[in-house]
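Colleague: Hi! Could you walk me through this one? I'm still new to reading structures.

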Amino acid sequence: MEFAPKQDQSKNPVLIPVDGPIQRTQYPYVTGTSVVAIKYKDGILMAADMGGSYGSTLRYKSVERIKPIGKHSLLGGSGEISDFQEILRYLDELILNDNMWDDGNSLGPKEVHSYLTRVMYNRRNKFDPLWNSLVLGGVKKGQKYLGMVTMIGVNFEDNHVATGFGNHLARPILRDEWHEDISFEDGVKLLEKCMRVLLYRDRSAVNKIQISKLTEEGVTPFPPYSLKTYWGFSSFHNPTVGAEGSW
Amino acid sequence: MESLDVDGPHSMGTTIIGVTYDGGVVLGADSRTSTGVYVANRASDKITQLTDNVYVCRSGSAADSQILSDYVRYFLHQHTIQLGQPATVKVAANLVRLLAYNNKNMLQTGLIVGGWDKYEGGKIYGVPLGGTILEQPFAIGGSGSSYLYGFFDQVWKEGMTKEEAESLVVKAVSLAIARDGASGGVVRTVVINADGVTRNFYPGDTLPLWHEEIPAQNSLLDILSAPSPEPMSM
C-alpha cells in the first residue's frame, strides 16, 4: 500500500493510503445464532435453530444453518447468512473440483476445515471478513473430526464445539456431561438440553431446531421440530411477593 | 425553525409484499418515494419488470434498487436469448443475489423477487440487505413491513385462491401505510401466473379505513349543510 503524508484535525502528521477508499469491515444484517456439535459413538451430532435475525427482529424462522458437505462432512454456520450462503458456494466448487479428479479420493473433514480456516483467516487479514463462526464435523475411515473457525481465523478441534452464545451456555454443560462413545440417544438428549438453555437465555434463539447426524454411512438431517419449555416453577408464579417493584 | 431535510437521498421507505397462492404469485407495494421528509413521488411504481414472467419489488435506496434491477434485466435478457426459453424465477433471484451480495458495502436495498415459470410454478424469493437469498411462501419488506409481522403471523395460510391472495396483499399494504410515515399513496399489485401478468391499481381513497381514520369529505360546508339529527324520543 502506498501512503501520503497529511495532517489530521489536531495537526498531527498522519499517513493516508493513496490508492482508493479504505476498505472497512462490514457489519452483519441477517444473522444466525449458536451452533452446537458433539462427537458421539458413531460419528457427529450437530444442532442449530432455524432462526435468521435482522437486528433485534426475529425475521426468518426457516433458515437451514446446517448443510452436508461432500460425503464426509457437515457444516454449521452462525453469523451473517449471506456470507454462510457464499461459503456453501465456495465449498460446492471445492467438492466439485475434488470429484473431477476422479481418483477415488475425496476431501475429508480435516481437509475441509483446513480450507475454511485459510479462507477465513486470509479474508480477516484483508479487513474484509466473512462474518461467520463455522462448525465443521465429519467422519472418514472411522476417524471422527470436529472443528470450529471464527471470522478472525481462530480455529481448533475438540470433542464438543459451539459458536456464539453456545460457547458460554452449552459448552459448560458439555464439559460436565459429555463422555467418549456417548450413545446416539444420550447425545441427542444432551444437545436438546443445550438448545433448551439457549432458547431460555439467548434472545436471538427461535424455537425450531434442526439436528443432523453424520456417520461413516452418510448424513441424516432430521426434520425440524420444537422443544418443550418449562415455566411451572412455584417461584415463577409470584416472584415479587414480599418485594414489590423487584423483578 | 429547524430546517427540513428535503435534499436527502431518494429513499423508498416503502412497504413491499410478495405472496404465493395456488397457481402463481401476487406482488404488492405502496407508491411513496421520499427525500428526507418531502414526498418526491407520490405515485411511484416499485414493482419492476425483469422478464415477461418475473418481477421485483424494490425497497430502500431508489437509486440502488433501480440500477440493480436494470443490470439484472440486462443480464436476464441475454440469458433468455442464450437459453432459448423464459428464464426461471430462481435464476432471476440468484442474479439479484449475486449483485446484492458482491456489492453489499455500497448498496442499501432490500428486494422481493416473484414470478412464475413452468418448472416450479409461482415462487417468491426474498433478498434482504446483505445479499442473503431465501425462498419463502410469502415475503414482506421495507420500513412498513415492521407493522405487518403480527398480521401475517395471524392470517397467512397456504393454498389461497388468487382473489384471497390479492385482497390479503392490498389489506396488508394498506395497514402498513396507515402506520408507516415512509409508506403511502396508492397500492399497486402485480399478479403473475401461467396465463400471464396483470397489473392492478388501488387508489388511496378506495382503501379500507383503519383505527382513528375517518371517511373523506368534499368540504366542511357539506357537513354543515347536512340536516341536523332528530332529537331522541322516549
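**Pockets and the interface**

Modeller: Happy to! Helix H1 of chain A gives the most to the lining of the largest pocket, with five residues. Keep in mind that this is a predicted model.

Colleague: How much space lies in the largest pocket?

Modeller: The largest pocket holds about 870 Å³ of space. It is lined by 29 residues, and the closest to its centre are A:Tyr60, A:Ser62, B:Leu134, B:Glu135 and B:Gln136.

Colleague: And which elements give two or more residues to that lining?

Modeller: From chain A, strand E7 (57-60) and helix H1 (81-100) do. From chain B, the elements are E10, E11 and helix H3 (149-155).

Colleague: How do the residues of that lining divide into nonpolar, polar and charged?

Modeller: There are 17 nonpolar, four polar and eight charged residues in the lining of the largest pocket.

Colleague: Okay, switching to the interface. How many residues of chain B are in contact with chain A?

Modeller: In chain B, 17 residues are in contact with 17 residues of chain A. The two chains bury about 1600 Å² between them, with 47% of it on carbon and sulfur atoms.

Colleague: Which three residues supply more than any other three of the area that chain B buries?

Modeller: Those are B:Tyr101, B:Asn105 and B:Leu129, which supply 33% of the area that chain B buries against chain A.

Colleague: How many salt bridges are there between the chains?

Modeller: The count between chain B and chain A is two. A salt bridge joins A:Glu86 and B:Arg97, where the closest N and O atoms are 3.0 Å apart.

Colleague: How many residue pairs are in polar contact across the interface?

Modeller: The rule finds 10 residue pairs in polar contact there, with both residues at pLDDT 80 or more.

Colleague: Which elements of chain B give two or more residues to the side that touches chain A?

Modeller: Helix H2 (89-102), strand E10 (134-136) and strand E11 (138-141) of chain B do. H2 of chain B gives the most to that side, with four residues. By class, the side of chain B that touches chain A has seven nonpolar, eight polar and two charged residues.

Colleague: New topic: how many cavities of 30 Å³ or more does a search of the whole structure find?

Modeller: The search finds two.

Colleague: What lines the largest cavity?

Modeller: Its lining includes A:Thr33, A:Asp49, A:Met195, A:Leu198 and A:Leu227. Helix H4 (residues 184-201) of chain A gives the most to that lining, with three residues. By class, the lining of the largest cavity has seven nonpolar, three polar and two charged residues.

Colleague: And which residues line the second largest cavity?

Modeller: A:Tyr29 is one of them, and the lining also includes B:Ala100, B:Lys104, B:Leu107 and B:Leu129. Its classes come out as four nonpolar, four polar and one charged.

Colleague: Great, thanks for the tour!

Note on methods: Residues are numbered from 1 along each chain as its sequence is written. Chains are lettered from A and ligands numbered from 1 in the order in which they are written. This is a predicted model: local features need pLDDT of at least 70, side-chain atom pairs count only at pLDDT 80 or more; totals for chains, interfaces and linings use all residues. Side-chain values use heavy atoms; hydrogens and water are left out. Contact means heavy atoms within 4.5 Å. Buried area is the accessible area (1.4 Å probe) that two parts lose on being put together, summed over both. A salt bridge is a side-chain nitrogen of Lys or Arg within 4 Å of a carboxyl oxygen of Asp or Glu. A polar contact is a pair of N or O atoms within 3.5 Å; within protein, one must be able to donate a hydrogen and the other to accept it, and residues adjacent in sequence count only if both atoms are side-chain atoms. Ala, Val, Leu, Ile, Met, Phe, Trp, Tyr, Cys and Pro count as nonpolar, Asp, Glu, Lys and Arg as charged, and the others, Gly among them, as polar. On a 1 Å grid over the protein atoms alone, a cavity is a set of points where a 1.4 Å probe fits but cannot get out, and a pocket is an open set with protein on both sides within 12 Å along at least five of seven lines; lining residues have an atom within 4 Å of a point. Grid points are joined across faces, edges and corners, and a volume is the space filled by probe spheres set on the points.
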